[in-house]
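Please look over the sequence and the structure shown below.

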Amino acid sequence: MSHAKTGSYIFPLLILMLAGSVHAQSGPFDGTSFKGRIAFSSDGNYNDEDDWGAFPMAVAMLDSFGVKDRLVHVDYCNILPKNDTRFYREMVTSVLGAADRYKIDRSILFDCQTDLEAAIQSITEAINASSVDNRLYYVLAGPMEVPFQGIMKSDPDKRQYVYCISHSGWNDGYTQSDSALHIHNKRDVIPSGIHWIQCKDGNKNLAHPGGVGKRSTPQQWALYHWLRDSTDPNLRWIFTRLEAEGRADISDSTMTYFLLTGDEDADLPKLRSLLDLKKIPRIAGSRSAVRIEAENFRDLESYSVTYSDRRASHRLCVALGPTGTGSIGTLFNDIYTTKGVYDVEVRYLDERQGQSRLELRVNQIPVGAAWRASKDDNTWQTHTIQNVVMGPGDSLEVRVKGQGRESGKLDYVQLNLKGTGGGSSLMP
Ligand SMILES: [Ca+2]
Ligand SMILES: [Ca+2]
Ligand SMILES: [Ca+2]
């Protein structure tokens with residue numbers, strides 16, 4: 001892969017000015033107070049046991065950060081096409097057990113197997129209660145169907161204040177073996193007007209092992225013995241929920257850690273420090289790198305999502321349709337981001353069958369020179385445009401003019417922060 005660098009849009013003096021200024025907290029959490037509300041969506045009733053442990057861990061995080069009063073909605077057991085009675089019973093035990101231990105009001109809990117209509121209604125009401133000063137952060141730890149139904153019934157004008165957070169291609173509806181469990185996928189949700197935020201996949205650091213049907217080894221269990229041996233009885237109880245799983249997998253809880261810290265790399269030492277040692281970590285003012293997956297751009301014009309290239313980030317990318325010309329566009333609106341100077345990476349596949357022309361635009365204006373996919377070696381390439389000044393609310397677009405039989409595949413656009421801008425708080 002090459003690392004081409006082009007363009008320069010601001011003078012070095014401006015970089016220094018921006019780098020030296022104090023930037024506003026871009027939240028939603030500042031280490032003390034959480035601005036807005038939180039909602040959870042979980043499965044656990046079929047297929048994968050991980051939420052039996054991940055859900056209590058996420059609630060324990062809210063408790064440690066002192067923000068559990070911000071939780072306004074929980075839907076769970078939300079795999080609708082199938083339901084395994086043993087899985088269902090264990091997930092209900094985890095959800096009600098966590099709620100009672102951490103004093104979450106049961107009135108905000110919605111069992112999708114017994115109370116689906118009320119679950120959907122609750123999502124709709126949570127969205128409709130949103131405003132510029134009271135945003136909703138909806139953590140998606142199961143399939144998209146129930147969130148989809150709640151979002152579709154909501155007031156379209158309120159969706160701009162809703163942030164859906166996901167980390168998993170499976171949850172998002174992309175799977176080869178379990179497609180029968182998914183009715184709608186995230187592409188049915190993303191164009192609705194909500195903001196879609198994808199953090200890194202928690203299976204890397206918080207699943208030992210990941211994968212349905214596997215068992216943890218003694219060495220893997222030992223990584224979690226700080227829960228078993230804690231002086232906190234609630235953490236000791238969470239360990240019993242991992243034992244019920246038969247393996248130590250709390251991967252979906254990575255999203256809640258990210259929501260409350262801006263840190264996409266939750267791991268066991270960090271969770272131990274927070275939950276057992278009760279230390280609040282440093283909260284990111286602005287993330288140093290924000291990756292916006294191409295498959296999560298709001299508007300795909302002549303582009304569609306392609307699944308299963310293992311070389312692609314989250315194994316998903318977008319490919320051009322037969323017209324050979326298209327674009328992807330979205331708003332830059334991730335959490336813990338700020339106005340600043342960014343190096344912008346565009347990740348694209350340079351196929352042998354053509355030399356497509358690519359161009360990046362910010363707020364409809366081209367930044368940097370257009371370039372061609374002319375290496376023709378069938379590898380993913382990173383093209384970097386340096387020193388782009390942008391901030392939350394700005395629009396991003398990649399325009400591609402296909403050439404030959406190249407399909408113009410795009411994986412992601414990543415913004416790497418070089419210096420932060422002063423002042424404004426920067427959400428739309
Ligand atoms: Ca899950
Ligand atoms: Ca090419
Ligand atoms: Ca991707």
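A helix crossing is left-handed if the near helix is turned anticlockwise from the far one by less than a right angle, and right-handed if clockwise. The model is predicted: local features need pLDDT of at least 70, side-chain atom pairs count only at pLDDT 80 or more, and totals for chains, interfaces and linings use all residues. Residues are numbered from 1 along each chain as its sequence is written, and chains are lettered from A and ligands numbered from 1 in the order in which they are written.

By the handedness rule, α4 passes α5 in a right-handed crossing. Helices (H or I, at least four residues) and strands (E, at least two) are DSSP runs, numbered from the N terminus. Helix α4 covers residues 116-128 and helix α5 residues 145-152; they pack at an angle of about 55 degrees with their axes 8 Å apart. Axes here are lines fitted to C-alpha atoms, for helices over the stretch in contact, and angles run from 0 to 180 degrees between N-to-C directions. Angles under 35 degrees count as roughly parallel, over 145 as roughly antiparallel, 65 to 115 as roughly perpendicular and the rest as oblique. α4 and α5 are therefore oblique to each other. Two residues are in contact if their C-beta atoms, placed from the backbone, lie within 7 Å. In this pair, Ala119, Ile120, Ile123, Thr124 and Ile127 of α4 meet Val146, Pro147, Gln149, Gly150 and Ile151 of α5. This contact of α4 with α5 has 7 nonpolar, 3 polar and no charged residues, where Ala, Val, Leu, Ile, Met, Phe, Trp, Tyr, Cys and Pro count as nonpolar, Asp, Glu, Lys and Arg as charged, and the others, Gly among them, as polar.

Next comes helix α2. Its axis (residues 51-65) and that of helix α10 (residues 254-261) come within 8 Å and cross at roughly 20 degrees, which makes α2 roughly parallel to α10. Ala58, Met61, Leu62 and Phe65 of α2 make the contact with Thr256, Tyr257 and Leu260 of α10. By class, that contact of α2 with α10 holds 6 nonpolar, 1 polar and no charged residues.

α2 also packs with helix α3 (residues 85-101), at an angle of about 10 degrees and with the axes 9 Å apart; α2 is thus roughly parallel to α3. Here Asp51, Trp52, Phe55, Pro56 and Val59 of α2 meet Glu90, Met91, Ser94, Val95, Gly97 and Ala98 of α3. The contact of α2 with α3 has 7 nonpolar, 2 polar and 2 charged residues.

Phe55 has 29 other C-beta atoms within 10 Å, so Phe55 is buried.

A cis peptide bond runs from Gly27 to Pro28, with omega near 25 degrees, and another cis bond joins His208 and Pro209, with omega about -5 degrees. Ser308, not a glycine, has a positive phi of about 100 degrees. With 12 C-beta neighbours inside 10 Å, Ser308 counts as exposed.

Methods. A residue is buried if 20 or more other C-beta atoms lie within 10 Å of its own, exposed if 12 or fewer, and partly exposed in between; C-beta atoms are placed from the backbone.
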